[in-house]
Amino acid sequence: MAFVLFAGVTAGACTSASPSGTGDFDSVRDRMSDGPTKLFVGAAGSTGTITARRWTHDGWIEGQTQVSIANGEVLGAVNALGNLDLRTFEVNIAPVDIPQEVFGKPAQLTDVRVKLPQPLTGELAWTSEDDATARLTLVLDLDWAIAINGSQTPLGTQRLPPVPVDFAITGGGDHIDASIDLHAAGELWSWAGLLEVTAIELDLAASTVD
């Protein structure tokens, strides 16, 4: 999973305040070493799919459903050793329609959220002061509910299998852009032997708001 993030380690940080309140930084690396930076995940440039299969009289039928990204947030900082401290990673997905044939009535997966349950630290590799990469393995929680014919039932938190995440960074001291590819696979969720979710893929775009 590719994830354009942030980071860097350097002694020089903010030297003076700018009108935007972010300070004057020479590079992405300079800015991220000054403290946690928040990136917002938006719908523009972000896509995703959920792979699921449903039971029919003819056996299992599998297919992919496109999902819309509602919003999200990433918060990270660089520690004294030059490693990335990822403090927050959360993505909210718009409601996902379930084929009416599954339950015989309208149904949706709602309140779908992928979230990092606790902070973690990973190494960074810099190719310039404004470009870095990293690969982290994230253990994420999936929260969601199912709404059948207008009646909603929380499904409880699902702990996803460990997911490798590739991070890449670009931008400058005044603005940071991010892209994220997340691929989780396995039997992530099942419902009464009728419906199973077997993969979630998210391709995300995030950036600072200065």
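Predicted model: local features only at pLDDT ≥ 70, side-chain atom pairs only at ≥ 80, totals over all residues.
Visitor: How many helices and strands are in the chain?
Guide: Helices (H or I, at least four residues) and strands (E, at least two) are DSSP runs, numbered from the N terminus. The chain has two helices and 17 strands.

Visitor: What share of the chain is buried?
Guide: Buried means under 20% relative accessible area, exposed means over 50%, and partly exposed lies in between (1.4 Å probe, protein chains only). Of the 210 residues here, 45% are buried. For surface, accessible areas come from the Shrake-Rupley method with a 1.4 Å probe; for residues, only the protein chains shown count as cover. The chain exposes about 9900 Å². Carbon and sulfur atoms supply 48% of that area.

Visitor: What share of the contacts joins residues 24 or more positions apart?
Guide: A contact means heavy atoms within 4.5 Å. Take the contacts with a separation of 6 or more: residues 24 or more positions apart account for 65% of them.

Visitor: Which residues touch the most other members of the largest nonpolar core?
Guide: In soluble globular proteins, nonpolar side chains tend to be buried together. A nonpolar core is a set of buried Ala, Val, Leu, Ile, Met, Phe, Trp, Tyr and Cys residues joined through side-chain atoms within 4.5 Å. The largest one here has 52 residues, and Phe89, Leu109 and Leu202 touch the most other members. Strand 16 (residues 175–191) gives the most to this core: seven residues.

Visitor: What does Leu202 touch?
Guide: Leave out residues up to four places away in sequence. Its contacts then include Ile69, Val91, Ile93, Val114, Ile180 and Leu182. Thr47 is also among them.

Visitor: Where is Thr47, and what does it touch?
Guide: Thr47 is found in strand 3 (residues 47–56). It counts as partly exposed because its relative accessibility is 40%. Not counting residues up to four places away in sequence, Thr47 touches Val67, Ile69, Glu201, Leu202, Asp203 and Leu204. Thr47 and Gln66 are 19 residues apart in sequence, yet 7.7 Å apart in space, C-alpha to C-alpha.

Visitor: Which strands pair with strand 3?
Guide: Two strands pair if DSSP finds at least two bridges between them. Strand 3 pairs with strand 17 (residues 195–207) in the antiparallel sense, over eight bridges. There, Ile50 stands opposite Ile200. Strand 3 also pairs with strand 4, antiparallel, over nine bridges. In that pairing Thr51 stands opposite Gln64. Strands 3 and 4 form a hairpin with two residues between them.

Visitor: Why is strand 12 called largely enclosed?
Guide: Count its buried residues. In strand 12 (residues 141–148), six of the eight are buried, so the rest of the structure largely encloses it.

Visitor: Which strands does strand 12 pair with?
Guide: Strand 8 (residues 107–115) pairs with strand 12 in the antiparallel sense over seven bridges. Leu109 has Ile146 as its bridge partner in strand 12. Strand 14 (residues 158–159) runs antiparallel to strand 12, joined by two bridges. Here Asp141 stands opposite Arg159. Strand 13 (residues 151–154) is antiparallel to strand 12 too, through four bridges. In that pairing, Ala147 stands opposite Gln152.

Visitor: Which residues make the nonpolar surface patch?
Guide: Like charges are joined within 9 Å, and nonpolar side chains (Val, Leu, Ile, Met, Phe, Trp, Tyr) within 5 Å. Trp55, Trp60 and Leu194 make a nonpolar patch of about 280 Å². Trp60 lies in strand 4 (residues 59–67). At 31% relative accessibility, Trp60 counts as partly exposed.

Conventions:
Residues numbered from 1 in each chain as written. Heavy atoms only, no water. Patch = residues over 30% accessible without salt bridge, like charges linked within 9 Å, V, L, I, M, F, W, Y side chains within 5 Å. Salt bridge = Lys/Arg side-chain N within 4 Å of Asp/Glu carboxyl O.
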